[in-house]
Amino acid sequence: MPSLAVSSYGTLLKIGDGGGSEVFTTIGEVRDISGPSLNVGTEEVTAHDGSGWREFVPTLKEIGEITFEINFNAAATQGFSTGLYNDAANKTKRNFQIVLPTTSAKTGSFAAYVTAFELTEPVEGVLRASITLQGTGALTWA
């Protein structure tokens, strides 16, 4: 049977400008991306008259964290005065999109805060930054 696997190369991570007719711009030089995810909380509801097994019900959903690394070049989507660093410093909530590179391209849309921005400056290598987004609200796929 042939493989149905799809290469993730070409996935795009986009940031919204917050405008009324919001425009999304691709964040440049994104490397590996982890997330978003779907996490469902649970609450234990075991009672004395139960079966003797712990029982749970689902409660709230969350999209979790999205982490990624960039080759840092201080472009408008990355930089200290207008980009991801600035959003972290100012606790700005933004809308984001992740565009998967499939034949029937799927776009995930979500809001998030930049909760971590860490530069890495190796002696031999390129300037990079590790970014963490904390998703807030719903994740929708279209």
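The structure is a predicted model, in which local features need pLDDT of at least 70, side-chain atom pairs count only at pLDDT 80 or more, and totals for chains, interfaces and linings use all residues. Residues are numbered from 1 along each chain as its sequence is written, and side-chain values use heavy atoms, with hydrogens and water left out.

A salt bridge is counted where a side-chain nitrogen of Lys or Arg lies within 4 Å of a carboxyl oxygen of Asp or Glu. Across the whole structure, 4 salt bridges are found.

One of them joins the side chains of R31 and E69, with 3.2 Å from N to O. This pair connects distant parts of the chain, since R31 belongs to strand 3 (residues 30–34) and E69 to strand 6 (residues 65–71), 38 residues apart. Strands here are DSSP runs of E with at least two residues, numbered from the N terminus. R31 has 40% relative accessibility and E69 has 26%, so both count as partly exposed; that class lies between buried (under 20% relative accessible area) and exposed (over 50%), using a 1.4 Å probe and protein chains only.

A further salt bridge links E44 with R54, whose closest N and O atoms are 2.7 Å apart. Because E44 sits in strand 4 (residues 39–44) and R54 in the loop between strand 4 and strand 5 (56–62), the pair ties together parts 10 residues apart in sequence. E44 is partly exposed at 37% relative accessibility, whereas R54 is exposed at 60%.

R94 and D87 also meet through their side chains in a salt bridge, at 2.9 Å from N to O. D87 counts as buried because its relative accessibility is 1%. Finally, salt bridges with shared partners join R31, E69 and R128 into one network.

Note on methods: Helix = DSSP H or I, 4+ residues; strand = E, 2+ residues; numbered from the N terminus.
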